[in-house]
Amino acid sequence: MNFIYEYFSEVCEIATMIQQDKIQEAVNVLHTTREMGGRVFVLGVGGSAGNASHMVNDLRKLCGIESYCPTDNVPELTARTNDEGFDTFFEAYLKTSKLNSNDAIFILSVGGGDEDRNVSVGLIKAIKLAKAVKSSSLAIVGKSDGYAGKEATHAIVIPPLSPKRVTPHSEEFQAIVWHCIVSHPDLQINATKW
C-alpha cells in the first residue's frame, strides 16, 4: 500500500503545481486558431501518440476545431518510415498538409526531444518547421529542458516530482490537461454525453 499511497500523493501534488496560466495560454491560442480557420496537428510518439489521437477526437467533437493526429494514418506513417525514416515523418506530413501561420501544432511528449541524444527528433523537426512558417507550437511535456519545453511557443511542463515516475506522470497529466482545455468554456461548444 505504501507505493500506491506515494503514487497518488504525487498525483495530488503535481496537480497543485501545474502552472495554470500556461493552460490558459493554450486555450487562448486554440481559440484564436479556430477563429482564424486554422487547424491543429497533435503530435506524439509512444503513449503520447495514443493521447494525441484521443485529444484530436475531443478537439474536433467538443470544440469544433479541425484537428489531425498524423500517427493515426498508419499507411502513411509506415510508408514514410520505411522509405525516408521516422525522424522526418511529422515534418513531411505537415509540409504535405501545407502547415501555415493560421495553424498550430500541439506536442505531447515526456522529454520533448533531444537532438544530442537522438530522441524524438521528429518532434524537433516539426517545431522547427512551425517556427519557419510562423505557426504556433504548443506542448505538454514532462521535462522543461527538452527541446519542446524550451522551444515551443507555449509549453505546459508537468512538474517532474519523482525521477522514477516522470513518464507515467507526464502521460497521465497530458490527458488531465487536455481534458481541462477542451472543457474550457472559451473552447467547448458541444456538450459531452454524460
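The dialogue below takes up the cysteines and then the pockets.

A: This is a predicted model, where local features need pLDDT of at least 70, side-chain atom pairs count only at pLDDT 80 or more, and totals for chains, interfaces and linings use all residues. Residues are numbered from 1 along each chain as its sequence is written, and side-chain values use heavy atoms, with hydrogens and water left out.

Q: How many disulfides does the structure hold?
A: A disulfide is a pair of cysteine sulfur atoms within 2.5 Å, and the structure holds 0 of them. Cys-63 is in no disulfide, and the nearest cysteine sulfur, that of Cys-180, is 11 Å away.

Q: Is Cys-69 buried or exposed?
A: Buried means under 20% relative accessible area, exposed over 50%, and partly exposed in between, with a 1.4 Å probe and protein chains only. Cys-69 is buried, at 5%, and Cys-63 is also buried, at 0%.

Q: Which residues line the second largest pocket?
A: Rolling a probe the size of a water molecule over the atoms shows where empty space is left. The lining here consists of Ala-15, Ile-18, Gln-20, Ile-23, Gln-24, Ile-176, Val-177, Cys-180 and His-184 (on a 1 Å grid over the protein atoms alone, a pocket is an open set of points where a 1.4 Å probe fits, with protein on both sides within 12 Å along at least five of seven lines, and lining residues have an atom within 4 Å of a point). Both α2 (20-35) and α8 (166-183) give two or more residues to this lining (helices are DSSP runs of H or I, at least four residues, numbered from the N terminus).
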